Amino acid sequence: TCAFLPGARNECENAIREGIRWKKQAPEMRKLIVAGCLIQQDKENLIRSKYPEVDAWSGVDGVEKIFDTFSKAENGYTAGDTAEPTYLYNENTPRMLLTLPHVAYLKISDGCNNCCAYCAIPEIRGRMRSRKIESIVEEARLLSKNGARELIIVAQDTTRYGEDLYGKPMLCELLKRLCEIDDISGLRLMYCYPE
C-alpha cells in the first residue's frame, strides 16, 4: 500500500475492498493481509473500524516479520507499525524484481528529514535511514550478476544519502563505488531534493 497521495490511498482502499470480496468467497480457507505504509498514517481508523475483515496488517517495519505476520494472521494482528520506523532492508533481503531484466531499482535509504509542509513522508516512513555503502555495492553486484545493466537509484531524498551514517552526504562516493562494477552501464538518480 501507499499513503503518500490521496489517489494512492484511494487505490489501496479499493484493493482492500477487493481483497475482502475475495476472502468472502472462501472465508475458511483465505486470509487477508494488508502490507505497506498506509497503516503508518491512519492505522487506528483502518484497523479498528473501517476494515475489520482484514486478518493482519504489516507496516513499514513489517518486512522482517512477514512470516510471523502470516502465521498469526487473525483478528487484525499487526506487525511493523512503529511510530518511528527503524527497519531498513539490506543486500540479504529477498527481492522480486518487477522490472525488465536489464533494469533494477536500488534503494539507498528510507525516510526523510526535510519535513516539508506539503509532504507526509517523514510521518509515514520516518526519519532518514541510510544503508551502508558496502551493503548497497554488494546488492548492486548481485543485481549485475542477475543481468541488471542499469540501476535506478531511489530514496526519498537521494541527495542527502549518508548524512545520518557518515555525518555528511556521501552520494558522490557511493556513485564512484557503483561505477566500479564492470557490468553496470548506467545509473539513474531519482528523487533528488532540489536544495
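**View A. Strand β4 is mostly covered, with four of its five residues buried.** Buried stands for under 20% relative accessible area, exposed for over 50% and partly exposed for in between (1.4 Å probe, protein chains only). The model is predicted: local features need pLDDT of at least 70 and side-chain atom pairs count only at pLDDT 80 or more, whereas totals for chains, interfaces and linings use all residues. Residues are numbered from 1 along each chain as its sequence is written, and side-chain values use heavy atoms, with hydrogens and water left out. Strands (E, at least two residues) and helices (H or I, at least four residues) are DSSP runs, numbered from the N terminus. β4 and β7 are joined in the parallel sense by five bridges; two strands pair if DSSP finds at least two bridges between them. Across from Leu106 stands Ile153 of β7, and Tyr105 stands opposite Ile152 of β7.

**View B. An open sheet is formed by three strands in the order β4-β7-β8, with parallel pairing.** Its edge strands, β4 (103-107) and β8 (186-189), each pair on one side only. On average, neighbouring strands of this sheet are turned by 25° against each other, direction ignored. Axes are lines fitted to C-alpha atoms, for helices over the stretch in contact, and angles between N-to-C directions run from 0 to 180 degrees. Strand β7 (residues 150-154) is joined to the parallel strand β8 by four bridges. Glu150 has Gly186 of β8 as its bridge partner.

**View C. Strand β7 has both faces covered.** Glu150, Ile152 and Val154 on one side are buried, as are Leu151 and Ile153 on the other. In a regular strand the side chains alternate between the two faces of the sheet. Because five of the five residues of β7 are buried, this strand is largely enclosed by the rest of the structure. Ile152 lies in β7 and counts as buried because its relative accessible area is 7%. With neighbours within four places in sequence left aside, Ile152 is in contact (heavy atoms within 4.5 Å) with Val103, Ala104, Tyr105, Leu106, Arg188 and Met190. Ile152 and Leu189 are 37 residues apart in sequence, yet their C-alpha atoms are 6.1 Å apart in space.

**View D. Helices α5 and α7 lie across strands of the sheet.** Helix α5 (residues 133-145) lies across β4 and β7, at about 165° to β4. Helix α7 (residues 171-179) lies across β4, β7 and β8, at about 155° to β8.

**View E. The largest nonpolar core holds 20 residues.** A nonpolar core is a set of buried Ala, Val, Leu, Ile, Met, Phe, Trp, Tyr and Cys residues joined through side-chain atoms within 4.5 Å. Leu106, Ile108, Ile136, Leu151, Tyr161, Leu174 and Leu178 touch the most other members. At least two residues of this core come from each of β4, α5, β7 and α7. Helix α5 gives the most, with five residues. Apart from its neighbours within four places in sequence, Leu151 is in contact with Ala104, Leu106, Ala140, Leu143, Ile184, Gly186, Leu187 and Arg188. A second, separate core has 15 residues, including Ile16, Cys37, Ile39 and Ala120.

**View F. Thr158 is found in the loop between β7 and α6 (163-166).** Thr158 counts as buried because its relative accessibility is 0%. Not counting residues up to four places away in sequence, Thr158 touches Ile108, Ile153, Leu171, Leu189, Met190, Tyr191 and Cys192.

View G. Ala8, Cys12, Glu13, Ile16, Gly19, Ile20 and Lys23 are the buried residues of α1. They cover an arc of only 135° around the axis and therefore lie on the same side of α1; the arc is that of the directions from the helix axis to the C-beta atoms. The face turned away from this buried side carries the exposed residues Pro6, Glu11, Glu18, Arg21, Lys24 and Gln25.
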